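Colleague: Hi! Could you walk me through this one while I have it on my screen?
Modeller: Happy to, just ask away.

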Amino acid sequence: ASPVTLSLTTFGCPVVSSGQSFFVDFNTGTTVDNVFVVSGIQHSITKGKFETKLKMTQVDAFGKYVSMMNNITKTLSAIQENSSEDSS
């Protein structure tokens, strides 16, 4: 497998940081659908426009996508279980 890089331009995103990882699903069913790590960031601010350009490098994580809502639901359930144990 050859290394895969990704260049991505998005609306201005000041909270993205180097080393941050994202699962990117190109819907290919191959190892290209994987985790990418931010290796370069360039912000561009002009009148009426704010863009962020990211350079990303694939890491062999063979990632599995887990939605944020699923994580939040699990966390809330754990908090509720812990709260009910404390109150009994």
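Colleague: Let's start with L54. Which residues is L54 in contact with, leaving aside its neighbours within four places in sequence?
Modeller: L54 is in contact with L6, S7, L8, V16, V38, G40 and I41. Contact here means heavy atoms within 4.5 Å. One caution: this is a predicted model, where local features need pLDDT of at least 70 and side-chain atom pairs count only at pLDDT 80 or more, while totals for chains, interfaces and linings use all residues. Residues are numbered from 1 along each chain as its sequence is written, and side-chain values use heavy atoms, with hydrogens and water left out.

Colleague: Good to know. Which residues make up the largest nonpolar core?
Modeller: That core has seven residues: L6, V16, V24, F36, V38, L54 and M56. A nonpolar core is a set of buried Ala, Val, Leu, Ile, Met, Phe, Trp, Tyr and Cys residues joined through side-chain atoms within 4.5 Å. Buried means under 20% relative accessible area, exposed means over 50%, and partly exposed is in between, with a 1.4 Å probe and protein chains only.

Colleague: And which strands each supply at least two residues of this core?
Modeller: Strand 3 (34–46) and strand 4 (49–59) do. Strands (E, at least two residues) and helices (H or I, at least four) are DSSP runs, numbered from the N terminus.

Colleague: What pattern does the chain follow along the sequence?
Modeller: The pattern reads β-β-β-β-α, with four strands and one helix.

Colleague: How much of the chain is buried?
Modeller: Of the 88 residues, 16% are buried. As for contacts with a separation of 6 or more, 47% are between residues 24 or more positions apart.

Colleague: Back to strand 4. Is T52 buried or exposed?
Modeller: T52 sits in strand 4 and counts as buried because its relative accessibility is 0%. Its side chain is joined to that of H43 by a polar contact of 2.9 Å. A polar contact is a pair of N or O atoms within 3.5 Å; within protein, one must be able to donate a hydrogen and the other to accept it, and residues adjacent in sequence count only if both atoms are side-chain atoms.

Colleague: What else is T52 in contact with, leaving aside neighbours within four places in sequence?
Modeller: Quite a list, including L8, T9, T10, F11, V16, I41 and Q42.

Colleague: Switching to charges: how many salt bridges does the structure hold?
Modeller: One. The side chains of K49 and E51 meet in it, at 3.6 Å from N to O. A salt bridge is a side-chain nitrogen of Lys or Arg within 4 Å of a carboxyl oxygen of Asp or Glu.

Colleague: Why would such side chains pair?
Modeller: Side chains of opposite charge can pair when their charged atoms come close.

Colleague: Are those two buried, exposed or partly exposed?
Modeller: K49 counts as partly exposed because its relative accessibility is 46%. E51 is partly exposed too, at 22%.

Colleague: Now the loops. Where is S18?
Modeller: S18 is in the loop between strand 1 (5–11) and strand 2 (21–24), and it is exposed because its relative accessible area is 56%. Not counting residues up to four places away in sequence, S18 touches V38 and I41. The C-alpha atoms of S18 and G40 are separated by 6.5 Å, though the two residues are 22 apart along the chain.

Colleague: What is phi of N27?
Modeller: Phi of N27 is near 65°, a positive value in a residue other than glycine. N27 lies in the loop between strand 2 and strand 3 and counts as exposed, since its relative accessibility is 68%.

Colleague: Last one: which residues make the nonpolar surface patch?
Modeller: M68, M69, I72, L76 and I79 make a patch of about 530 Å². Patches are made of residues with over 30% relative accessible area and no salt bridge; like charges are joined within 9 Å, nonpolar side chains (Val, Leu, Ile, Met, Phe, Trp, Tyr) within 5 Å. Accessible areas come from the Shrake-Rupley method with a 1.4 Å probe, and for residues only the protein chains shown count as cover. Of these, L76 is found in helix 1 (residues 68–87) and is partly exposed, with a relative accessible area of 48%.
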